[in-house]
Amino acid sequence: MKTKITELLGIEYPIIQGGMAWVAEHRLAAAVSNAGGLGIIGAASAPPEIVREEIKKCKELTDKPFGVNVMLLNPNAEEVAKIVVEEGVKVVTTGAGNPAKFMELWSKAGVKVIPVVASVAMAKMMQRAGADAVVAEGMESGGHIGSITTMALVPQVVDAVNIPVIAAGGIADGRGLAAAMMLGAEGVQMGTRFVAAAEAVVHDNYKAKLIKATDIDSEVTGLSTGHPVRSLRNHMTREYLRLEKEGADFMELEQLTLGSLKNAVVDGDVVDGTVMAGQISGMIKEVKTCSEIIQEMVTKAKSLLSGGRFS
Ligand code: TUI
């Protein structure tokens, strides 16, 4: 499945794994890359030296290209940005902010830069700043989100920039991949589907909650603070939304979610923890290996794109 993205990144299939905090560690990234996609280590808020270790461990598990996601709300983002260059990482994706100040450093080092954007304006700004591609991420996604759906965002970004566009948000199978290509995307990024991968080092409670979820089981918290986050409904989201309705201040809300993603992913607290996941959760019925996920997707997408709609 050759596209501008497979060419740009030197990978077999145009499928990128989201750089999810606590979930996207070296074992998942290596498994996705070994399966022919692009695995991503999510630096999130990890100490910079831990990110370096993760990169080194990933190199031991795969000789294929992989990337690192730099989360721009992280106060250590600059240090992580430099470590990526020092370690010879081939691709960087960014999230939750504007990476313009790091673009020159990465481009000079030959690192391919793919910012995740949630609007046309940000996509255009990233193209001007020298991005190699953009991920256009709709609000169906899990975690920190924008306000536009994938269906509306992707074609508008495709029309607005000349660099390749990768679609994200609400994509979990071959139908989603084919649909994204129809919208003009050159590839997809998936997060939630890979949380329920066999190789994802995620507590069984988290994977079980994801598999049990239906289409309407996610909730968006944090709209009042300017940092909307989608996660599966639980005691934490109910409390958060109640406090938001009562007009609680930022610090009070922060208190509720401090360390809560780690509590869910690592310790399996899916009641008071944050179970970040996208609207596609209801479509995920079982844990599969990264290779199974990617192979099934590609087979289905190829059939659909070659006119096999009714086969
Ligand atoms: O970044 C993500 N998803 C994330 S980051 C994350 S860590 C976190 N945890 C709790 C609260 C907040 C963050 C969990 N999930 N996706 C990519 C993405 N980036 N979606 C939206 C954006 C985005 C938002 C604003 C990109 C640029 C942007 O620019 C704002 C500006 O003008 O600086």
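Before I turn to the helix pair, a word on geometry: axes here are lines fitted to C-alpha atoms, for helices over the stretch in contact, and angles run from 0 to 180 degrees between N-to-C directions. What we are looking at is a predicted model, in which local features need pLDDT of at least 70 and side-chain atom pairs count only at pLDDT 80 or more, while totals for chains, interfaces and linings use all residues. Residues are numbered from 1 along each chain as its sequence is written, and side-chain values use heavy atoms, with hydrogens and water left out.

The protein has 14 helices and 11 strands, these being DSSP runs numbered from the N terminus (H or I of at least four residues for helices, E of at least two for strands). Of its 311 residues, 52% count as buried, which is to say under 20% relative accessible area with a 1.4 Å probe and protein chains only.

Now to the pair itself: helix α4, residues 77–86, packs against helix α5, residues 100–108, at an angle of about 10°, with the axes 10 Å apart. The two are therefore roughly parallel to each other, a label given to angles under 35 degrees.

Which residues of α4 and α5 meet? On the α4 side they are Ala77, Glu78, Ala81, Lys82, Val84 and Val85, and on the α5 side Phe102, Leu105 and Trp106, where contact means heavy atoms within 4.5 Å. The residues of this contact divide into seven nonpolar, no polar and two charged, with Ala, Val, Leu, Ile, Met, Phe, Trp, Tyr, Cys and Pro counted as nonpolar, Asp, Glu, Lys and Arg as charged, and the others, Gly among them, as polar.

Finally, along its principal axes the C-alpha trace of the protein spans about 50 × 50 × 40 Å.

Note on methods:
Parallel < 35°, antiparallel > 145°, perpendicular 65-115°, else oblique. Buried < 20%, exposed > 50% of the residue type's maximum accessible area, 1.4 Å probe, protein only.
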